[in-house]
Amino acid sequence: VKFSGISWLEDGFYYSRFEETKKGSELSQANENHKVYFHKLGTKQEEDKLIYEDKEHPKRSFAMSVTEDERFLLLYGYESTSGNSLYFRDLKNKDISFKPIVTGFENNYVAIDNLGDNLLIQTDKDAPKYRVILIDPNKPAEEKVIIPEKEDVLESISVANEKLAAKYLKDVSNKIFIYSVSGELIFETELPGL
């Protein structure tokens, strides 16, 4: 396993890996044919289930995540260190195919979580300092801006207790603002110092 995160689902987890390297070329073999697998706890890696591969694009890398309520399975595709594609599967449906949200690699998209049938996404599309949007994954072109781009860079966003905690970078220090899930500013968190 190399360049992989882990995303849990029930009694196992999703992870990404390359094909096993040949003896003697462990440090020189090209990073190609990245695949996503599901590993069930208590089983051997040889029994892991292949979830996704892209034989037409061997240089792409992939990552998988699951929303906190285990409703959506999200597939990220990468061609470089910036920009990604994003596909999804609704785990409450029997359809096992991944449907596109974003197919290009021009911008960054990170699904923070879902709010019911919709996905909350942090993106730099049309916002170099990032913004937060809400989309119906079945109609990704119809987006609603929850937190617009600001003067400072939005580094990350988290969901907790039906609120959004947005961390911004300002003058080499962080500021944290708490928003409602509809995007209304509730308050700025007072931090002890730089």
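D54 is buried in this predicted model, because its relative accessible area is 15% and the cut-off for buried is under 20%. Its partner is R60: the side chains of D54 and R60 meet in a salt bridge, with 3.6 Å from N to O. R60 is buried too, at a relative accessible area of 17%. Let's look at other charged pairs, then at a charged surface patch and some paired strands.

**Salt bridges**

- Side chains of opposite charge can pair when their charged atoms come close.
- In this model, the count comes to 14 salt bridges.
- One of them joins the side chains of R17 and D48, at 3.9 Å from N to O.
- R17 sits in strand β2, while D48 sits in the loop between β3 (35-40) and β4 (49-52), so this pair ties together parts that are 31 residues apart in sequence.
- Are R17 and D48 buried or exposed? R17 counts as buried at 18% relative accessibility, and D48 counts as buried at 10%.
- Another salt bridge links the side chains of D90 and R71, with 2.8 Å from N to O.
- D90 belongs to strand β7 (residues 84-90) and R71 to the loop between β5 (61-66) and β6 (72-78), so the pair ties together parts that are 19 residues apart in sequence.
- D90 is buried, with a relative accessible area of 10%, and R71 counts as buried at 14% relative accessibility.
- Salt bridges can also share partners: in this way E19, K35 and E53 are joined into one network.

**A charged patch on the surface**

- Which residues gather in a patch of negative charge on the surface? They are E10, E68, D69 and E70.
- You can find E10 in the loop between β1 (7-9) and β2 (12-17).
- E10 counts as exposed because its relative accessibility is 67%, and the cut-off for exposed is over 50%.

- Strand β13 (residues 153-160) and strand β14 (residues 163-170) run antiparallel and are joined by seven bridges.
- Within this pairing, S156 stands opposite K167 of β14.
- β13 and β14 form a hairpin with two residues between them, and N161 in the turn has a positive phi of about 50°.
- β14 also pairs with strand β15 (residues 173-180) in the antiparallel sense, over eight bridges.
- Where does K170 find its bridge partner? The partner is S173, in β15.
- β14 and β15 form a hairpin as well, with two residues between them, and D171 in that turn has a positive phi of about 50°.

Terms used. Residues are numbered from 1 along each chain as its sequence is written. This is a predicted model: local features need pLDDT of at least 70, side-chain atom pairs count only at pLDDT 80 or more; totals for chains, interfaces and linings use all residues. Side-chain values use heavy atoms; hydrogens and water are left out. Two strands pair if DSSP finds at least two bridges between them. Helices (H or I, at least four residues) and strands (E, at least two) are DSSP runs, numbered from the N terminus. Patches are made of residues with over 30% relative accessible area and no salt bridge: like charges are joined within 9 Å, nonpolar side chains (Val, Leu, Ile, Met, Phe, Trp, Tyr) within 5 Å. Accessible areas come from the Shrake-Rupley method with a 1.4 Å probe; for residues, only the protein chains shown count as cover. A salt bridge is a side-chain nitrogen of Lys or Arg within 4 Å of a carboxyl oxygen of Asp or Glu. Lys and Arg count as positive and Asp and Glu as negative; His and the chain ends are not counted. The place of a charge is taken as NZ of Lys, CZ of Arg, CG of Asp or CD of Glu. Buried means under 20% relative accessible area, exposed over 50%, partly exposed in between (1.4 Å probe, protein chains only).
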